[in-house]
Amino acid sequence: MEIRLNDNCTRLGDQFDLLGSQIGRIFNKSVKVLAHLLKNLVYPVPMSSVKKNLPIPSRANFNGVYVIIDVFEIEIEKPSNPLYQALTWSDYKKCNTIKYIIGITPDGTIIYISQGYGGRISDVLVFEICGIMDILPENSGVMADRSFKQMDAILNTKGCKLIRPPSVSNSTKPSKQDVLLTKRIASLRIHVERVIRRVREYKILEPHAGLDVTLIHNLDNIVTVVPGLINLQSPVIKT
């Protein structure tokens with residue numbers, strides 16, 4: 001209930017006739033066990049399986065895509081330590097956040113979730129250090145949005161290719177080919193947005209949940225539990 005509804009320990013204690021501190025201890029212990037079990041439901045799949053389940057409309061243009069990545073951030077309470085305030089400040093969200101990279105196959109299965117990083121860090125740096133490169137097959141494709149710039153050098157180490165919408169400029173009009181490519185990428189990238197929307201249905205991970213600082217040490221476990229549960233739900237893309 002705490003993960004799904006972001007209920008506080010005091011109210012849950014009243015509901016189950018327990019002290020709030022007891023609820024907190026039970027939650028901290030249980031979420032670690034759940035994360036240990038459910039992390040096995042989020043794992044890299046073979047490239048052959050990804051190609052087999054690639055949505056039919058995308059097979060002509062994106063049959064080499066292995067993973068679609070995106071970043072989501074969770075607002076936390078402002079830390080009292082000035083260093084932590086600086087490390088978690090997100091210029092994009094204008095608040096203190098923890099940032100995660102999520103990776104899905106083109107058919108909507110979550111195959112990767114990173115550990116949390118302070119909101120100050122760039123998306124590209126998170127991609128470089130989080131370990132997602134370890135699961136990428138050689139010569140595969142990674143689809144991302146425009147925030148993932150200058151990733152080619154990182155991906156070239158495994159012969160992988162970055163697929164993202166063409167850069168836009170106020171001074172030049174996009175070509176017809178660029179517009180078509182942007183639409184084609186958007187039609188496939190929308191599925192990672194749909195998956196993130198499912199993640200946000202667990203209210204403790206809402207964009208502006210204002211997570212209590214006492215829960216931050218368990219946030220990685222919480223974010224491990226939720227994708228495992230989502231992979232047990234009905235597919236994002238209905239065939």
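Student: In which strand is Leu162 found?

Tutor: This is a predicted model: local features need pLDDT of at least 70, side-chain atom pairs count only at pLDDT 80 or more, and totals for chains, interfaces and linings use all residues. Residues are numbered from 1 along each chain as its sequence is written, and side-chain values use heavy atoms, leaving out hydrogens and water. Strands (E, at least two residues) and helices (H or I, at least four) are DSSP runs, numbered from the N terminus. Leu162 is found in strand S7 (residues 161-163).

Student: Does Leu162 count as buried or exposed?

Tutor: Buried means under 20% relative accessible area, exposed means over 50%, and partly exposed lies in between (1.4 Å probe, protein chains only). Leu162 has 12% relative accessibility, so it counts as buried.

Student: Which residues is Leu162 in contact with, leaving aside neighbours within four places in sequence?

Tutor: Contact means heavy atoms within 4.5 Å. Ala144 is 18 residues from Leu162 in sequence, yet their C-alpha atoms are 7.4 Å apart in space. The contacts of Leu162 are Val142, Ala144, Phe148, Met151, Asp152 and Leu155.

Student: How many salt bridges does the structure hold?

Tutor: Side chains of opposite charge can pair when their charged atoms come close. A salt bridge is a side-chain nitrogen of Lys or Arg within 4 Å of a carboxyl oxygen of Asp or Glu. The number of salt bridges in the structure is 5.

Student: How many residues apart in sequence are the parts that Lys99 and Asp123 tie together?

Tutor: Lys99 and Asp123 form a salt bridge, with their closest N and O atoms 3.0 Å apart. Lys99 lies in strand S3 and Asp123 in helix H6 (residues 123-129), so the parts they tie together are apart in sequence by 24 residues. Are these two residues buried or exposed? Both Lys99 and Asp123 are buried.

Student: Which residues are linked with Arg189 in a network of salt bridges?

Tutor: Arg189 forms a salt bridge with Asp145, the closest N and O atoms being 4.0 Å apart. That pair links distant parts of the chain, with Arg189 in helix H8 and Asp145 in the loop between strand S6 (141-143) and helix H7 (152-155). Both Arg189 and Asp145 are buried. In the network, Arg189 is linked with Asp70, Asp145 and Glu193.

Student: Does Glu206 count as buried, partly exposed or exposed?

Tutor: The side chain of Glu206 meets that of Lys203 in a salt bridge (3.7 Å, N to O). Lys203 is partly exposed because its relative accessibility is 37%. Glu206 has 29% relative accessibility, so it counts as partly exposed.

Student: How far does helix H9 reach from its first C-alpha to its last?

Tutor: The expected span of a helix is 1.5 Å times one less than its number of residues. Helix H9 (residues 219-231) has 13 residues, and the expected value is 18 Å. The reach of H9 is close to that, at 19 Å.

Student: What is the radius of gyration of the protein chain?

Tutor: The chain has 9 helices and 7 strands. Its radius of gyration is close to the 18 Å that the globule rule gives for 239 residues, so the chain is as compact as a globular protein of that length. The radius is taken over C-alpha atoms, and the rule is 2.2 Å times the number of residues to the power 0.38. The radius of gyration of the protein chain is 19 Å.
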